[in-house]
Amino acid sequence: MGELRLLHGDGILWADPIRVLALDEEGRMIARSPPSPGMALSCRNARCRVFDLAEGTVLELDPSTFRTGAVVPAIDNPDCDLNWEFYGEDDKSWGWRWRKAEFFELIWGNLALARRIGMCIGFTIIAGIVAGPALRAAFERKPIIDQPMLIMSMARLIRRLILLIIAVATVFASFYTAVALCGSSLELWMVVLVGSAAVTLAISAALRRMDEMGDDPEPPPAIAP
């Protein structure tokens, strides 16, 4: 029995580069992965899988290249600076081998990543809720009303430009937050963004339909012969 840890580096303006450390039962580091912002760890029944979603690979322990290192401090150790010695300043790694992730493993890995970066996924959901209706309203055809043609066209153009700017700014902010800052995979970000926008538009359409049905005038009563 051992332990796996995700050890974060300092990404500052970008996602933290993360190493996966494998520790033996005495807490000594025996394996260290190269840094990647897309690392995700999923464990079930004491069996764990490590995913590098930035590369689309699965990391597996390779006992033939294990090394016996120093004891890694406990997670609750207040002296966090000790972790930098284990993180290292180079890209040297040992104790791991890589293979291409299969389709269902990519889904599994993205779910594990979504749990790790839950706050960023929540922001992406909010972005989809805002951007979807904004884009729909920007391209929605409005009925012609009795106004001077030039004023009506200018007002409609300004409104569409504002809605487009809101939608584009929201999508860009979501991309930067989720992918650049949190290390989300592009696939996970797109699925969450598009999915939340589609659900929002579907609910909006259903509510409009119900409102229109409620506004339909009742048919006149039948006249008895």
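The side chains of arginine 49 and glutamate 105 form a salt bridge, with N and O 3.1 Å apart; a salt bridge here is a side-chain nitrogen of Lys or Arg within 4 Å of a carboxyl oxygen of Asp or Glu. The pair links distant parts of the chain, since arginine 49 is in strand 5 and glutamate 105 is in helix 2, 56 residues apart. Helices (H or I, at least four residues) and strands (E, at least two) are DSSP runs, numbered from the N terminus. The model is predicted, so local features need pLDDT of at least 70 and side-chain atom pairs count only at pLDDT 80 or more, while totals for chains, interfaces and linings use all residues. Residues are numbered from 1 along each chain as its sequence is written, and side-chain values use heavy atoms, with hydrogens and water left out.

**Salt bridges**

- The structure holds eight salt bridges.
- Side chains of opposite charge can pair when their charged atoms come close.
- Glutamate 105 counts as buried at 7% relative accessibility, whereas arginine 49 is partly exposed at 32%; buried means under 20% relative accessible area, exposed over 50%, and partly exposed in between (1.4 Å probe, protein chains only).
- Arginine 99 and glutamate 60 also meet through their side chains in a salt bridge, at 2.6 Å from N to O.
- Arginine 99 lies in strand 7 and glutamate 60 in strand 6, so this pair ties together parts that are 39 residues apart in sequence.
- Arginine 99 is partly exposed at 28% relative accessibility, and glutamate 60 is partly exposed with a relative accessible area of 28%.
- A network of salt bridges links Arg49, Glu60, Asp62, Arg97, Arg99 and Glu105.

**Arginine 136**

- Arginine 136 is placed in helix 3 and forms a salt bridge with glutamate 140, the closest N and O atoms being 3.4 Å apart.
- Relative accessible area is 34% for arginine 136, which is partly exposed, and 26% for glutamate 140, also partly exposed.
- Not counting residues up to four places away in sequence, arginine 136 touches Leu201 and Arg208, where contact means heavy atoms within 4.5 Å.
- The C-alpha atoms of arginine 136 and alanine 167 are separated by 9.8 Å, with the two residues 31 apart along the chain.

- Four strands form an open sheet in the order 4-5-6-7, with antiparallel pairing; two strands pair if DSSP finds at least two bridges between them.
- Strand 4 (39-44) and strand 7 (96-100) stand at the edges with a single partner strand each, so one side of each has no neighbour in the sheet.
- From one strand to the next, the twist averages 30°; axes are lines fitted to C-alpha atoms, for helices over the stretch in contact, and angles run from 0 to 180 degrees between N-to-C directions.
- Strand 4 and strand 5 pair in the antiparallel sense over six bridges, with alanine 40 opposite phenylalanine 51 in strand 5.
- The hairpin of strand 4 and strand 5 has two residues between the strands, and asparagine 45 there takes a positive phi near 55°.
- Strand 5 (residues 47-52) and strand 6 (residues 57-61) run antiparallel and are joined by three bridges; valine 50 stands opposite leucine 59 in strand 6.
- Helix 2 (residues 103-116) lies across strand 4, strand 5, strand 6 and strand 7, at about 100° to strand 4.

**Nonpolar surface patch**

- Ile126, Val130, Met154, Leu157, Ile158, Leu161, Ile162 and Ile166 form a nonpolar patch on the surface, with about 690 Å² of accessible area together.
- Patches are made of residues with over 30% relative accessible area and no salt bridge, joining like charges within 9 Å and nonpolar side chains (Val, Leu, Ile, Met, Phe, Trp, Tyr) within 5 Å.
- Helix 3 (118-138) and helix 4 (149-181) are the elements that give two or more residues to the patch, and the largest share, six residues, comes from helix 4.
- Leucine 157, in helix 4, counts as partly exposed at 45% relative accessibility.

**Whole protein**

- The protein has five helices and seven strands, running β-β-β-β-β-β-α-β-α-α-α-α from the N terminus on.
- Of the 225 residues, 33% are buried.
- Among contacts between residues at least 6 apart in sequence, 63% join residues at least 24 apart.
- Accessible surface comes to about 14,800 Å², of which 65% belongs to carbon and sulfur atoms; accessible areas come from the Shrake-Rupley method with a 1.4 Å probe, and for residues only the protein chains shown count as cover.
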